[in-house]
Amino acid sequence: MNAQKRHEIFARLQAENPHPTTELNWHTPFELLAAVLLSAQATDVGVNKATARLFPVANTPQGIIDLGIDGLKTHIKTIGLYNTKAENLMKTCHQLVEKHNGEVPQTRTELEALPGVGRKTANVILNTAFGQPTMAVDTHIFRVANRTGIAKGKNVVEVEQKLLRHVPKDFLQDAHHWLILHGRYTCIARKPRCGSCIIEDLCDYKDKTEIA
């Protein structure tokens, strides 16, 4: 795929959705971090239901600590793997209070040092909370990047690096959200909805469907 095609793809995605963002509900960097930590193997809808109960009661690291591990589990028990997630979130809260004055750090190294925070989560926080042009490659982005030909790679790091290299700079800030939403609702895993895809004519995928 050439640079002209890539530019047109993102121009169309931008025209359709000029201000894309995460579907997780959040108001502060810590709320976003907590929501992302809770979102593994869970839907955004499910996480939002849990945080709608949790955040009015505790939406800061110290607030979570004061709630206690059992209180935290009570508020998030509707989410899968809630025991492990509660433990990680509590450890993260302690580390934020002890090492970062209760604030979410703005560097990848510091974020990835937090319990339960890997490269993808760090990229989400850096991009969505702090406006840095990072690329958090999840299963949706990995599929869309490979299927369309925008950035082919054998693993998430390779796809991330190619996206950062090939996505036009004017679109880099929001590209992560456009690709996730496209993969979630149009370029879905089993039967992509090519019939209603706004970039179908620019896509390199050879097994296109007529499904809308």
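Let's start with helix α8, residues 139-148, which is mostly covered: seven of its 10 residues are buried. Buried means under 20% relative accessible area, with a 1.4 Å probe and protein chains only. Helices here are DSSP runs of H or I, at least four residues, numbered from the N terminus.

Two notes on the source. This is a predicted model, where local features need pLDDT of at least 70 and side-chain atom pairs count only at pLDDT 80 or more, while totals for chains, interfaces and linings use all residues. Residues are numbered from 1 along each chain as its sequence is written, and side-chain values use heavy atoms, with hydrogens and water left out.

Back to α8. Its buried residues are His140, Ile141, Arg143, Val144, Ala145, Arg147 and Thr148. They pack against α9 (156-166) and α10 (172-185).

Now the two ends. At the N-terminal end, Asp138 is the cap: a side-chain oxygen lies 3.1 Å from the backbone nitrogen of His140. Just after α8 comes Gly149, with a positive phi of about 95°.

How do α8 and α10 pack? Their angle is about 85°, and their axes are 8 Å apart. Axes are lines fitted to C-alpha atoms over the stretch in contact, and angles run from 0 to 180 degrees between N-to-C directions. The two helices are therefore roughly perpendicular, a term that covers 65 to 115 degrees. On the α8 side, the contact (heavy atoms within 4.5 Å) uses His140, Ile141, Arg143 and Val144. On the α10 side, it uses His176, Leu179, Ile180, His182, Gly183 and Arg184.

The charged end of Arg147 sits over the ring of Tyr205, 4.9 Å from its centre. The cut-offs for that are CZ of Arg within 6 Å of the ring centre and within 35 degrees of the ring normal.

On to the aromatics. A search of the whole structure finds three aromatic pairs. Rings pair if their centres lie within 6.5 Å; planes under 30 degrees apart count as stacked, over 60 as edge-to-face, and the rest as tilted.

Take Phe10 and Phe171. Their centres are 6.1 Å apart and their planes are at 25°, so this pair is stacked. Phe10 is in helix α1 (residues 3-16), Phe171 is in the loop between α9 and α10, and 161 residues separate them. Both are buried.

Next, Phe10 and Trp178. This pair is tilted: 6.5 Å centre to centre, 50° between the planes. Trp178 is in helix α10, 168 residues from Phe10. Trp178 is buried too.

Which residues form one aromatic cluster? Phe10, Phe171 and Trp178.

Note on methods:
Buried means under 20% relative accessible area, exposed over 50%, partly exposed in between (1.4 Å probe, protein chains only). A polar contact is a pair of N or O atoms within 3.5 Å; within protein, one must be able to donate a hydrogen and the other to accept it, and residues adjacent in sequence count only if both atoms are side-chain atoms. Rings of Phe, Tyr and Trp (its six-membered ring) pair if their centres lie within 6.5 Å; planes under 30 degrees apart count as stacked, over 60 as edge-to-face and the rest as tilted. Angles under 35 degrees count as roughly parallel, over 145 as roughly antiparallel, 65 to 115 as roughly perpendicular and the rest as oblique.
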